[in-house]
Structures are given as structure tokens and as C-alpha cells.
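The questions below go through one structure, beginning with a pairing between chains. Each answer ends on what was asked for.

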There are 2 protein chains.
Amino acid sequence: MSKSPTERTRVKRMHENAKYDTALIHAILDAQPMCTVGYSFKGLPYVTPTLQWREGNHIYWHGSAASRMLEACEETQVCVNVTIFDGMVMARSAFEHSCNYRSVMAFGTAHKVIHRDDKEARLKSMVETLFPGRWDMLRPMKEKELKATTILGLELNEVSAKVRSGPPIDDTDDYALPIWAGVIPLQTVALQAVDDPRLIAGLVVPDHVAKFKIG
Amino acid sequence: MSKSPTERTRVKRMHENAKYDTALIHAILDAQPMCTVGYSFKGLPYVTPTLQWREGNHIYWHGSAASRMLEACEETQVCVNVTIFDGMVMARSAFEHSCNYRSVMAFGTAHKVIHRDDKEARLKSMVETLFPGRWDMLRPMKEKELKATTILGLELNEVSAKVRSGPPIDDTDDYALPIWAGVIPLQTVALQAVDDPRLIAGLVVPDHVAKFKIG
């Protein structure tokens with residue numbers, strides 16, 4: 001399945017790197033929860049980092065009910081970006097230096113999750129998406145915690161991916177130059193989990209922590 | 001040195017994590033070139049990932065002179081965000097889960113670097129910031145490449161950092177629960193450099209590649 005590009009999602013620069021394939025878009029969103037949300041507040045542009053998670057054809061993000069970002073985004077146009085930085089691409093000229101990356105841009109109107117049970121279901125989905133099996137291990141949510149949490153969602157109807165991979169592309173004449181060129185691959189790694197200093201004795205790191213991967 | 005927060009840079013949520021210390025802001029910007037630039041285009045919010053580099057009290061980013069993002073940002077208000085994702089913070093309740101991160105938000109009017117020599121100096125600075133010693137190894141820039149490149153700059157006059165580190169902070173009563181809590185540290189690592197398949201024989205990986213670090 002793929003989506004036709006719109007005026008906003010049609011990639012103009014380096015359009016050979018543009019992708020509109022839904023499976024690829026979902027794979028990028030699922031690989032990296034960290035995103036930035038772009039919105040207007042009093043007519044000025046803001047970009048706020050937060051975590052997103054995907055359920056089917058929607059992404060969600062959340063925070064305090066008192067968050068300026070969430071209030072400013074509600075029922076208005078936003079742009080959500082996820083970028084996975086995969087490498088530095090080093091060419092024989094400064095001009096042809098580049099990056100390898102996988103990136104998604106999603107546009108649309110952010111909607112607020114209103115009903116209590118929907119909010120709880122979305123938060124459970126966030127935890128289970130990141131850490132399968134964790135929700136049922138946790139102390140159950142309190143009603144005041146649900147009330148203090150705002151969740152926004154965005155339907156993935158206007159969305160594009162842009163991907164670059166592989167070696168530098170140099171000018172034909174430049175390949176003969178004695179200049180090192182290639183790629184420095186970058187990878188985000190999850191290091192060994194660190195116990196909370198106040199952890200009660202005898203608890204071991206659960207599988208969903210030991211197996212956590214990102215990027 | 002530190003800057004007083006403005007209406008835009010005063011951190012409202014989790015304000016105990018807010019920092020206005022210039023050295024810290026510079027350190028975050030210098031540690032992670034990948035940023036997102038937020039801007040308005042035809043009245044709608046856009047967020048575009050790109051690389052930034054810092055020279056003194058300015059950051060710069062660049063791209064094709066035909067870039068929609070660069071054209072839309074020129075001489076208008078932007079918000080640039082750099083976020084380094086340092087870890088997943090796992091608490092005993094869903095509500096207290098969090099992230100460790102170092103983040104900078106910079107606001108202001110993006111200005112275009114106009115003069116040829118200034119453009120070349122900025123691009124040299126970008127290359128040398130990322131890869132010390134590389135500029136003089138490269139095939140010199142061509143005039144048409146300089147013309148095809150737009151560079152935007154932002155003075156760091158309205159900027160804040162937000163940092164979270166350390167273990168989860170749980171409700172007092174929850175510390176007694178038999179639930180694993182702690183931090184999964186995340187780190188971006190530069191893997192071993194990959195030679196361009198078309199590299200001429202006998203070239204070795206330069207120091208600025210072998211020693212490249214990020215985050």
C-alpha cells in the first residue's frame with residue numbers, strides 16, 4: 001500500500017530519495033519513538049521533542065495536561081518528524097558530503113483523545129509498544145494520573161518518508177582523486193540497564209528491558 | 001555566562017530541568033549536528049531535519065539554493081531544536097516513566113549568508129567542525145557549487161536547554177513495590193568507517209574519520 005503525495009508531502013529536493021510506501025513509513029516510526037512536533041503558537045513556529053507511538057494508521061504523543069505544546073497543538077495543524085541518523089557520508093568534495101538517514105514527515109490536524117477508557121488504552125499501547133509485557137507488571141494508573149495526562153493523535157493521511165543510504169556520489173572526475181571517501185555508520189545502542197538505586201533486593205532486569213532496541 | 005529566559009524560552013513544564021547556561025547550550029549543540037528546523041510555509045507548520053554547526057554565538061545550516069525549507073526560513077522566525085536521546089527511564093508506574101535527554105531550543109530570525117567569501121568560510125567551518133583537518137584535503141569548491149548552496153544562520157540570543165538525567169522519580173509508596181525500575185542508557189556510536197567501493201587503492205581512513213564521535 002502506498003499513499004499519493006500531496007502538495008505538502010511531495011518531496012522536492014533529492015526527490016529520488018522520497019518514499020510513499022506505507023510499510024516503510026510505519027517501519028521508521030516504529031524504530032524510533034523520539035520525534036519532534038512542529039506547531040504554531042501565537043503565530044510563531046515551535047518545535048518540541050517528545051515520544052510518539054503508532055497504532056495502525058495513527059501516531060500519538062502525550063504529556064502533562066498543563067503542557068503548552070499539547071494545548072497549542074490540539075485541533076490544529078501540526079507537522080511531526082521522526083529522523084534516524086544513520087551515517088556521515090564523506091565525499092571527495094565538500095559539496096557532495098551528505099548524511100544517511102531515514103526520516104518521516106507527517107502533516108495534519110492533531111486530535112485530543114477525550115474519553116477515559118480511550119486514554120488508558122492509548123497509554124497501555126504506548127508502554128506495550130516500547131516494552132512488551134510491562135503494562136501488567138506496573139502499579140495500575142490512578143484516576144488523577146489519567147486526568148493529568150493529555151494525549152494527542154494524528155492520522156497518517158498526509159505523510160512521506162525520505163531515505164538516503166549507501167556511499168557518496170561524487171563528480172565523475174573526482175573519483176580519481178587521492179581523497180578518502182566513504183561512510184561513517186552511526187547507530188543508537190541500548191547499553192546495559194542501570195538499576196534504580198532504590199530498587200528492592202532480588203529483582204532482575206525483565207526481558208523487555210534486556211531486549212530493548214531502538215533505531 | 002547565562003541568558004535570561006524570554007517568554008518563548010522560559011521552560012514551563014518540568015522547569016526544574018531547564019537550563020540557560022551558555023556553556024551547556026553550546027556543548028549540546030556541538031555534540032549533535034542533527035537538528036530540526038521549525039518554520040511556517042503558507043501559514044502551516046513544517047519541521048525539517050538538517051545538520052547545524054556552531055560558530056561562536058551563531059548556528060548555521062545549509063542546503064540547496066532550491067530548497068523549499070531554506071527559502072521559507074529566510075529572514076523569518078524559526079525554531080531550531082537539537083535533542084540527544086540519552087535513555088529510557090523506567091518507573092514503577094506508567095505515569096512516572098520518562099526519558100533522559102539533552103535538548104536545546106533556539107528561536108529567532110534566520111538570516112541568509114550573502115557574500116561569496118562568507119559562504120565559503122561558513123562551509124569550511126562546517127567541515128572543520130565535524131572533521132578537523134578535512135577541508136584542506138578535499139577538492140576545492142567550485143564557484144557553481146557555492147552558488148548552488150544557501151546557508152542560513154541564527155544568532156543564539158533566545159535559547160534554552162532542557163536536560164533530564166538519572167533514575168526514575170517514583171511516588172514514595174511505589175518504591176516498595178516488586179517492580180523493576182531503572183534506566184536503559186542510549187548512546188549513538190560511530191561504527192567502523194566503510195570505504196567507498198570506488199576508493200582508489202592505498203588510501204587509509206584519516207584520523208578525523210577514525211576519531212569521529214557524536215552525541
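Q: Which residue in strand 10 of chain B is the bridge partner of Asp195(A)?
A: The model is predicted. In it, strand 11 (residues 194-195) of chain A pairs with strand 10 of chain B in the antiparallel sense, over two bridges. Asp195(A) has as its bridge partner in strand 10 of chain B the residue Gly182(B).

Q: In chain B, which residue has the C-alpha nearest the axis?
A: The axis in question is that of the 180 degree rotation that superposes chain B on chain A. The nearest C-alpha of chain B lies 2.1 Å from it and belongs to Thr188(B).

Q: Which strand of chain B gives the most to the side that touches chain A?
A: The contact takes 73 residues from chain B and 74 residues from chain A. Elements of chain B that each supply at least two residues include strand 2 (34-41), strand 5 (77-90), strand 6 (98-109) and helix 3. The side of chain B that touches chain A divides into 50 nonpolar, 13 polar and 10 charged residues. With nine residues, the element that gives the most is strand 10 of chain B.

Q: How many residues of strand 5 of chain A are buried?
A: Strand 5 (residues 77-90) of chain A has 14 residues and is largely enclosed by the rest of the structure. For chain A as a whole, 38% of the 215 residues count as buried. In strand 5 of chain A, the number buried is 12.

Q: How many bridges join strand 5 of chain A to strand 6 of chain A?
A: Strand 5 of chain A is joined to strand 2 (residues 34-41) of chain A by three bridges, with Thr36(A) partnered by Asn81(A). Four bridges join strand 5 to strand 10 (residues 182-190) of chain A, where Met90(A) stands opposite Gly182(A). Towards strand 6 (residues 98-109) of chain A, Cys79(A) stands opposite Phe107(A). Strands 5 and 6 of chain A run antiparallel, and the bridges joining them number 12.

Q: Within what arc do the buried residues of helix 3 of chain B fall?
A: The buried residues of helix 3 of chain B are Glu120(B), Leu123(B), Met126(B) and Val127(B). An α-helix has 3.6 residues a turn, so residues three or four places apart point the same way. On the other side of helix 3 of chain B, Asp117(B) and Asp118(B) are exposed. The buried residues line one face of helix 3 of chain B, because seen down its axis they fall within an arc of 120 degrees.

Q: How far apart are the end C-alpha atoms of helix 3 of chain B?
A: Helix 3 (residues 116-130) of chain B has 15 residues, which at 1.5 Å a residue should span 21 Å. The distance in the model agrees with this, at 22 Å.

Q: Which strands of chain B do the buried residues of helix 1 of chain B pack against?
A: In helix 1 (residues 22-31) of chain B, the buried residues are Ile25(B), Ile28(B) and Leu29(B). They cover an arc of only 95 degrees around the axis, which puts them on the same side of helix 1 of chain B. In chain B they pack against strand 3, strand 4, strand 5, strand 6 and strand 9 (158-164).

Q: Is Lys42(B) buried or exposed?
A: Most residues other than glycine have a negative phi. Lys42(B) has a positive phi of about 55 degrees although it is not a glycine, and lies in the loop between strand 2 and strand 3 of chain B. Lys42(B) has 8 within 10 Å, so it is exposed.

Q: Which loop of chain B holds Glu75(B)?
A: Glu75(B) is not a glycine, yet has a positive phi of about 60 degrees. With 9 C-beta neighbours inside 10 Å, Glu75(B) counts as exposed. Glu75(B) lies in the loop between helix 2 (68-73) and strand 5 of chain B.

Conventions:
Residues are numbered from 1 along each chain as its sequence is written. Chains are lettered from A and ligands numbered from 1 in the order in which they are written. This is a predicted model: local features need pLDDT of at least 70, side-chain atom pairs count only at pLDDT 80 or more; totals for chains, interfaces and linings use all residues. Copies are superposed by least squares on the C-alpha atoms of residues with pLDDT of at least 70 in both. A residue is buried if 20 or more other C-beta atoms lie within 10 Å of its own, exposed if 12 or fewer, and partly exposed in between; C-beta atoms are placed from the backbone. The expected span of a helix is 1.5 Å times one less than its number of residues. The arc is that of the directions from the helix axis to the C-beta atoms. Two residues are in contact if their C-beta atoms, placed from the backbone, lie within 7 Å. Ala, Val, Leu, Ile, Met, Phe, Trp, Tyr, Cys and Pro count as nonpolar, Asp, Glu, Lys and Arg as charged, and the others, Gly among them, as polar. Two strands pair if DSSP finds at least two bridges between them.
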